[in-house]
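Reader: I have a new model open on my screen and I'd like to learn how to read it. Could you walk me through the features one by one?

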Amino acid sequence: MKPTTQYTKSGRINIAYQVFGSGSIDLVYIPGWVSNIDWMWTCPELVHFLEELGKIARVILFDKRGTGLSDRVVELSTLEERMDDIRAVMDAVGSEKAVLFGHSEGGSVSALFAATYPNRVISLITFGIFAKRRYAAEYPWAPTDKERQVVYDMIENSWGSGEMNLETLAPSKAHDKTFMDWLANYFRSGASPSAAMVLTKMNTQIDIIDILGSIKVPTLIMQRTNDIDVKIEEGRFIAERIKGAKFVEFPGKDHLFWAGNTNEILEEMKSFILNIKPPRSYQEQLFTIVATRITSPENKSVDYQALIQQYVEQYRGNIVQWNNHTFIATFEGPSKAVHCSIDLMDAFRDKNAGLSTAIHIKEAAVDEAHFIRDETKKFFDSILQQAQRNQILLTQTVKNLLSGAGLSFNPFKTFFDTQSGETFSLFSVIDQMDGGNHQASPYPKQFPQNGSLLENVLQSIDSHLDDESFGVETLCKEIGISERQLQRKLKAVTNKSPIQLISSVRLHRAKELLLGSDQNIAEIAYQTGFSSPSYFSKCFKKEFGLSPSALLQTQA
């Protein structure tokens, strides 16, 4: 029987999740590409697999932001935001530690979560995982750009139809029309064509190779020998780089774990889950570390340390060292670190001061969240010596984890660390959301209230939800940036214009009210800023594919 679908907030984004099972430990399933947790329960093969897992675990399912039943107000999301979604769902159900089970792309974010939050992970299990989705000499099994273009063309021309070549994902089911029809509907219900395209292009940029060695939790990597979508060599490559990982190769061609020899996979998972005894705690984890030097702090009336503290706290960072005009801070992930650094640079520029910044992600002792070791400080000092005023330099490891962050990069130079004997490629950050235009906004600059532009925009829209006259001009005034800047920034982080985002937020809030209150359609239309119920219904159907009344009928 299908579990009840519930919602929790990841920031201001609604994440849909379900919980079922009678086992004594928690297992979080992180699906690949796109998903729809309601539609999962219409596939007998997948239902059987999930129910078997539910006999040994409390199973937690969710749709990542922009897909399935979760908010579609954004189409872009970073691996870091996807980790936030996992954590939000675990918190919502009171799960302190869980087994992570990641499929395909879901395995990439699961691996990063395990390295970043090892003390919340019992063990890591993956199926059909990849570490990189773009051909390179050191990873020759990934698709070439030409091969990826074929996928883009398929999405553009055939999304959700019988021409998606879905047989390559489940060859054993190629002649099972019921299953193949379900699979096409599953993808179509999981994402719109435009969202599927954005997600696929972002996946092309995924590269977690550098963090594999930081995974310390017990790990099971599973894959089929002749999987066409993800080559067997990729699973072997990943397993070799995770200390102590168990690699299990199954016969067959199916990329979907619930097609083909599913019972073998289930038995392997059950044995691994029930027999692993992880340590009580881990002493090391991944940190994103930011070191910044203030240049030309001529305005004596400015409390630079207090200003830095405000921004760092907004992005959930922690200042661990302050020395003259240099500070070092740690963050939960690279996107928060880079966007905090960009905002700080803008704030200092407004006060006729400058910043030089270095960012790196590294495995470090858990207590390094409270102090920085000498060798770490020397490493950052060496990079800062090369950084120019108002320049952010980051290592390739950081760059590889910033897909979907609205940023681009220029190669800077190769840096040799004399302490470790390693060579690091450095890149300078280009803020696509800024475009190099530092023209002052006509509105007073506002200090961020929620740690990111998107969070602040969503807060502003929510606070004016029933005001049909609310528009881009008011939004710009509240956020404190020009309309041109807002257009550029929102397009970079949501793939939507401000007007599109305002409409999408209103419609999603209306959907929440329709499903969770006793108000009628007309009342909800006016409450969410629409001038008439008929116009509301027209917009609603365009956004969700069915009218408000049809949605209510499905819940009857």
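Author: For 556 residues, a compact globule would have a radius of gyration near 24 Å, and the chain has 24 Å, which agrees. That radius is taken over C-alpha atoms, and the globule rule is 2.2 Å times the number of residues to the power 0.38. Along its principal axes, the C-alpha trace spans about 70 × 65 × 45 Å.

Reader: Before we go on, what should I know about the model itself?

Author: It's a predicted model, where local features need pLDDT of at least 70 and side-chain atom pairs count only at pLDDT 80 or more, while totals for chains, interfaces and linings use all residues. Residues are numbered from 1 along each chain as its sequence is written, and side-chain values use heavy atoms, with hydrogens and water left out.

Reader: How many helices and strands are in the chain?

Author: There are 19 helices and 15 strands. Helices (H or I, at least four residues) and strands (E, at least two) are DSSP runs, numbered from the N terminus.

Reader: And what percentage of the residues count as buried?

Author: Buried means under 20% relative accessible area, exposed over 50%, and partly exposed in between (1.4 Å probe, protein chains only). Here 58% of the 556 residues count as buried. As for contacts (heavy atoms within 4.5 Å), take those between residues at least 6 apart in sequence: 74% of them join residues at least 24 apart.

Reader: Can you show me burial on one helix?

Author: Here's the general idea: an α-helix has 3.6 residues a turn, so residues three or four places apart point the same way. Now look at α1, residues 44-53, where the buried residues are L46, V47, F49, L50, E52 and L53.

Reader: What covers the buried residues of α1?

Author: The cover includes the strands β2 (13-20), β3 (25-30), β4 (57-62) and β5 (98-103), plus the helices α5 (177-190) and α8 (262-275).

Reader: Next, aromatic pairs. How do I read those?

Author: A pair of aromatic rings is described by the distance of the centres and the angle of the planes. Rings of Phe, Tyr and Trp (its six-membered ring) pair if their centres lie within 6.5 Å; planes under 30 degrees apart count as stacked, over 60 as edge-to-face and the rest as tilted. By that rule the count is 29 aromatic pairs. Take Y139 and F237: the ring centres are 5.2 Å apart and the planes are at 90°, so this pair is edge-to-face. Y139 lies in the loop between β6 (121-127) and α4 (145-158), and F237 in helix α7 (residues 232-241), so the pair ties together parts that are 98 residues apart in sequence.

Reader: Are Y139 and F237 buried or exposed?

Author: Y139 is buried, at a relative accessible area of 0%. F237 counts as buried too, with 8% relative accessibility.

Reader: Which charged end sits over the ring of F237?

Author: That's R241, 3.6 Å from the ring centre. The rule is that NZ of Lys or CZ of Arg is within 6 Å of the ring centre and within 35 degrees of the ring normal. R133 likewise lies over the face of F130, at 4.5 Å from the ring centre.

Reader: And salt bridges?

Author: Side chains of opposite charge can pair when their charged atoms come close. The cut-off is a side-chain nitrogen of Lys or Arg within 4 Å of a carboxyl oxygen of Asp or Glu. Searching the whole structure gives 32 salt bridges. In one of them, K173 meets E45 at 2.8 Å, N to O. K173 lies in the loop between α4 and α5 and E45 in helix α1, so the pair ties together parts that are 128 residues apart in sequence. K173 counts as buried at 15% relative accessibility, whereas E45 is partly exposed at 24%.

Reader: What about R316 and D84?

Author: Their side chains meet in a salt bridge at 3.3 Å, N to O. R316 lies in the loop between α9 (304-314) and β10 (318-323) and D84 in helix α2, so the pair ties together parts that are 232 residues apart in sequence. Salt bridges that share partners join E80, D84, R87, R316, E332 and K336 into one network. E80 lies in helix α2 and counts as buried at 2% relative accessibility.
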